[in-house]
Amino acid sequence: MRISMVSEHASPLAALGGVDAGGQNLHVAELSAALVRQGHEVTVFTRRDDPDTPDEVRAPAGYRVVHVPAGPPRMLPKDELLPHMGEFARFLHARWAADRPDIAHAHFWMSGLATVLAARDLDLPVVQTFHALGVVKRRYQGSKDTSPPERMRLERLIGRSVTRIAATCSDEVFELARMGLPRTRMSVVPCGVDLERFRPDGPRAPKYERHRLVTVGRLVPRKGFDTVIEALRLLPETELVIAGGPEQGRLDADPEAQRLLGIAERLGVRDRVHMPGQISREDMPALLRSADAVVCAPWYEPFGIVPLEAMACGVPVVASAVGGLTDTVVDGVTGTLVPPRKPDELATALRRLLTDRAVRDAYGIAGCDRARSRYSWDRIAADTLRVYDRAVHTEVGAGATRVGRVAR
């Protein structure tokens with residue numbers, strides 16, 4: 001099958017850990033690689049954000065990356081990219097009219113808009129993965145949400161126009177249904193984990209206190225790192241590693257890093273909070289293995305890849321009971337789920353886990369088994385191909401034309 005992936009802001013070649021570089025980049029990269037391993041031809045279309053970037057790059061995993069000229073060739077926040085999606089769509093349309101793929105798979109809502117516009121007169125089936133929904137972001141971030149005001153309206157129109165939706169978790173299906181989108185055109189296809197890299201055996205990063213907690217992610221408020229720092233004050237002889245954000249030498253210029261360190265100073269735990277900055281994919285397994293528990297405490301989370309990586313390394317997870325984390329972490333089996341933004345309840349759950357080695361070991365074994373049986377990228381690719389097969393055999397409705405009229 002000839003597959004076009006569209007990921008307008010999240011290049012599979014980008015270094016992870018920046019403000020707009022995280023789970024979606026990894027998802028597109030790993031899914032594309034897994035599909036290539038299964039004999040399919042994959043091309044990823046992403047916006048050019050550097051004038052020196054080649055027009056096309058062949059990734060080591062075998063998929064091609066095409067850098068689309070849409071807007072200025074420099075880094076832009078993703079929330080500023082909507083005005084350039086028409087140009088992105090025109091590029092895709094010209095490319096696909098000359099060399100039509102079998103299917104287009106859009107990642108994120110703006111990719112969906114460009115893809116639907118490009119495919120509307122090509123009889124090309126489109127699969128949409130939102131990765132995050134504007135209605136959920138607005139619910140949790142309120143006035144701090146920087147998304148374009150058209151986002152929620154366009155997401156609904158995109159959902160009505162694509163052939164199928166590949167939701168990353170059951171909570172997303174619920175949210176999409178609340179938006180009035182038909183459940184019959186949705187399938188749940190979660191993210192996966194690299195089981196060769198993330199495994200229980202291997203080196204462990206050195207730790208300095210009796211217990212270590214590790215939390216990983218982009219340094220943005222919704223990740224809830226402040227909640228973990230507040231819980232730390234109730235956990236003596238425990239250190240916290242917050243991995244992510246810019247490189248170590250640039251943390252002084254990162255407002256969120258300085259905010260978090262200020263909280264740690266105020267609470268008297270600054271000496272037990274370590275922020276190494278961006279951690280390479282090669283070094284991440286050793287850091288996760290060094291943890292007694294991995295903590296994921298976001299306000300909301302569309303899916304969350306870090307818990308999978310921790311489980312694959314045999315490390316128990318304590319996570320907020322939100323979004324995709326409720327699918328990934330089985331409460332009382334592979335880890336513990338707690339309410340979001342409740343540091344005292346988080347501390348209670350962590351204290352129970354840190355004082356019971358047998359439970360930690362049991363959670364770690366069960367988590368590793370779950371990751372290996374359900375979340376390998378080859379399994380996720382197979383699930384995705386089933387969605388593609390259903391989309392290819394479904395006649396594309398007239399909705400794409402409707403979105404085209406609205407968006408032009």
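Start with the whole chain in view: the C-alpha centres of domain 1 and domain 2 lie 28 Å apart. To colour them, select 2–192 + 377–393 for domain 1 and 211–375 for domain 2; these bounds come from an automatic or database domain assignment. You are looking at a predicted model, in which local features need pLDDT of at least 70 and side-chain atom pairs count only at pLDDT 80 or more, while totals for chains, interfaces and linings use all residues. Residues are numbered from 1 along each chain as its sequence is written, and side-chain values use heavy atoms, with hydrogens and water left out.

**Stop 1: between the domains**

Show the surface where the two domains meet. Here 27 residues of domain 1 are in contact with 18 residues of domain 2, contact meaning heavy atoms within 4.5 Å. The area buried between the domains is about 1,900 Å², and carbon and sulfur atoms give 58% of it. Buried area here is the accessible area (1.4 Å probe) that two parts lose on being put together, summed over both. How many salt bridges does the rule find across this interface? It finds one, where a salt bridge is a side-chain nitrogen of Lys or Arg within 4 Å of a carboxyl oxygen of Asp or Glu.

**Stop 2: helix H14**

Now select residues 377–392, which form helix H14. Helices (H or I, at least four residues) and strands (E, at least two) are DSSP runs, numbered from the N terminus. The 16 residues of H14 should span 22 Å at 1.5 Å a residue, and its end C-alpha atoms are 22 Å apart, which agrees; the expected span is 1.5 Å times one less than the number of residues.

Several H14 residues are buried, including Trp377, Ile380, Leu385 and Tyr388. Buried means under 20% relative accessible area, exposed over 50%, and partly exposed in between (1.4 Å probe, protein chains only). Centre on alanine 381, which also lies in this helix and counts as buried at 0% relative accessibility. Alanine 381 touches Leu31, Ala34, Leu35 and Gln38, leaving aside residues up to four places away in sequence.

Aspartate 383, one of the buried residues of H14, pairs with arginine 374, with the closest N and O atoms 3.2 Å apart. Aspartate 378 pairs with arginine 37, and there the closest N and O atoms are 2.9 Å apart. This second pair links distant parts of the chain, since arginine 37 sits in helix H1 (residues 23–37) and aspartate 378 in helix H14, 341 residues apart. Arginine 37 is exposed, at 51% relative accessible area, whereas aspartate 378 is partly exposed, at 38%.

**Stop 3: the cores**

The largest nonpolar core has 56 residues, and Leu35 and Val294 have the most contacts inside it. This core draws at least three residues from each of domain 1 and domain 2. Apart from it lies another core, of 42 residues, among them Phe45, Phe88, Leu124 and Ile158. A nonpolar core is a set of buried Ala, Val, Leu, Ile, Met, Phe, Trp, Tyr and Cys residues joined through side-chain atoms within 4.5 Å.

Zoom in on valine 294. What does valine 294 touch, not counting residues up to four places away in sequence? Its contacts are Val214, Leu288, Val306, Ala310, Val315, Pro316, Val317 and Val318.

**Stop 4**

The structure holds 29 salt bridges. Select aspartate 344 and arginine 233, whose side chains meet at 3.4 Å, N to O. Aspartate 344 lies in helix H12 (residues 343–354) and arginine 233 in the loop between helix H7 (225–232) and strand S10 (238–243), so the pair ties together parts 111 residues apart in sequence.

Next, pick aspartate 361 and arginine 357, which form a salt bridge at 3.1 Å, N to O. They are four residues apart in helix H13 (residues 357–374), and are thus separated by about one helical turn. Aspartate 361 is partly exposed at 37%, and arginine 357 is exposed at 55%.

Finish with Arg2, Glu41, Glu56, Arg64, Arg95 and Asp99, which are linked in a network of salt bridges. Arginine 64 lies in strand S4 (residues 64–68), and its contacts include Glu41, Glu56 and Arg95.
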